[in-house]
Amino acid sequence: MKFLVYGAGVLGCNLARNLFRAGKDAALLARGNWAEELQTNGLRIKDTFSPRMSVSRVPVVTALNPEDPYDVIFAAVRYTQIASVMDTLWASRAKTIIFVGNNVRAAEAAALLPEKTVLFAFTSAAGHRERSYVASVDLRKITIGPLSGTPSAEKLIGEIFDGTKYKVTYEPNMGDYLLCHGAFMLPAAFACYKTDGDLKKLKGNTAYLNRMIDANLEGYRAIRNAGHEILPKEDADFEGAAYRRTCLRFFKLMCATGLGKICASDHAMSAVDEMRALNRDLEKFFDENGAAYPVWQALEKESGRYLNGPDKESNT
C-alpha cells in the first residue's frame, strides 16, 4: 500500500513520521520553504516529553498529480483548507481518502468524493511548527472510521495501521464524533482568545472554567436534541455530576500547567481562521435546530477580536 500524507503541519508531520518509521511506503506533501527544509534536513520532531530530536528522511513531494500511484491519502489539512484540496483529491488515483482533524461538516466533504472510500480521523498530536522542526506531543492514538450508515472500514483500517505503534480506536460514526469534539473544543478556544493565548491567567478562576463546561453542555444538548449521538460514549451522560467533575479537573490542569499551551493555545492562536469557521458552522447547526446557547455566545463575545476580525491566511 502506498501512502501520501497531504499537509505538513503538526498532525501531518507526526503521522508521516509514524507511518514511515513503521516501514510503510509513505510520502509527505509540503510546500515552500518548509518543503525545502524537510528535503534538506529531514523531518525533525522534538517531542515535549523526550530529550531527543527525532529525524526521519520521509520522502517529500510538493504536488499531488492525478497519475501518482497512491492507494491511501491522509488529508491532514485545516478545516478551512478542505474545499481547496477537493478537486485534487477527486482527480487522484487513490481509492481511499482519510481526512485528519477538525470537521463539523464531514458528510458534505464525503459527498464530494462519491467514488472513493472516505474516512475521518482524529489523532492525539498537538504542538506547533518552528522554522526548522516541529515541537509537539504525540501520544500515537487515533480514532478513525467512516460516517454512520456507510460500509464498515474496520478491516481496511487494520491493514493501514498494521505494524505501527498507533493505538487505533475504530469509530463507525465519525460524523457525530467530530461534531461532539467541536462542541467540547471550541469553549477551550474561547478561553485561549480571552487570555491572548496564556491560559495560566485563568488558573484558579473556577467560575470561568464552569462557564466553559456550561457552553460545552449547551453544544452537546443541541447535538443530542437534533438526533445525533454523543461521542465518545463515555460522554453520553454529560448532564451528570461526574462529567462536570471530570471536565473541571481537566480544565484546571490545562490552565495550571504547560498542558494548555501544548493541547490548546498553540493551535488556537495559530489557526484563528479555522476556529472562526468551526464556530460559525457549529452555530449555524445550533440555529437550524432551534437550540439555545447563551453561555456559548457570551464566551464567544468575550474572546474579543480573534473571532470577529478579518480571516487570516494559513499554509498547508
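Q: Why is Arg 140 called partly exposed in this predicted model?
A: The relative accessibility of Arg 140 is 27%. You will find Arg 140 in strand β9, residues 134–145.

Q: What makes the phi of Arg 140 worth a look?
A: Phi of Arg 140 is near 55°, a positive value in a residue other than glycine. Most residues other than glycine have a negative phi.

Q: Why is Asp 196 called partly exposed, and where is Asp 196 found?
A: Asp 196 has 44% relative accessibility. The exposed class starts over 50% and the buried class is under 20%, so Asp 196 counts as partly exposed. Asp 196 is in the loop between α6 (174–194) and α7. Asp 196 also has a positive phi of about 55°, although it is not a glycine.

Q: How do you know that Cys 255 is in no disulfide?
A: The structure holds zero disulfides. For Cys 255, the nearest cysteine sulfur is that of Cys 192, 8.3 Å away. A disulfide needs two cysteine sulfur atoms within 2.5 Å, so Cys 255 is in none.

Q: What makes Cys 255 buried?
A: Cys 255 has a relative accessible area of 1%. Buried means under 20%, so Cys 255 is buried.

Q: What makes the peptide bond from Leu 231 to Pro 232 cis, and where does Pro 232 lie?
A: Omega is near 0° for this bond from Leu 231 to Pro 232, and the bond is cis. Most peptide bonds are trans. Pro 232 lies in the loop between α7 (206–225) and α8 (241–256).

Definitions and conventions. Residues numbered from 1 in each chain as written. Predicted model: local features only at pLDDT ≥ 70, side-chain atom pairs only at ≥ 80, totals over all residues. Heavy atoms only, no water. Buried < 20%, exposed > 50% of the residue type's maximum accessible area, 1.4 Å probe, protein only. Helix = DSSP H or I, 4+ residues; strand = E, 2+ residues; numbered from the N terminus.
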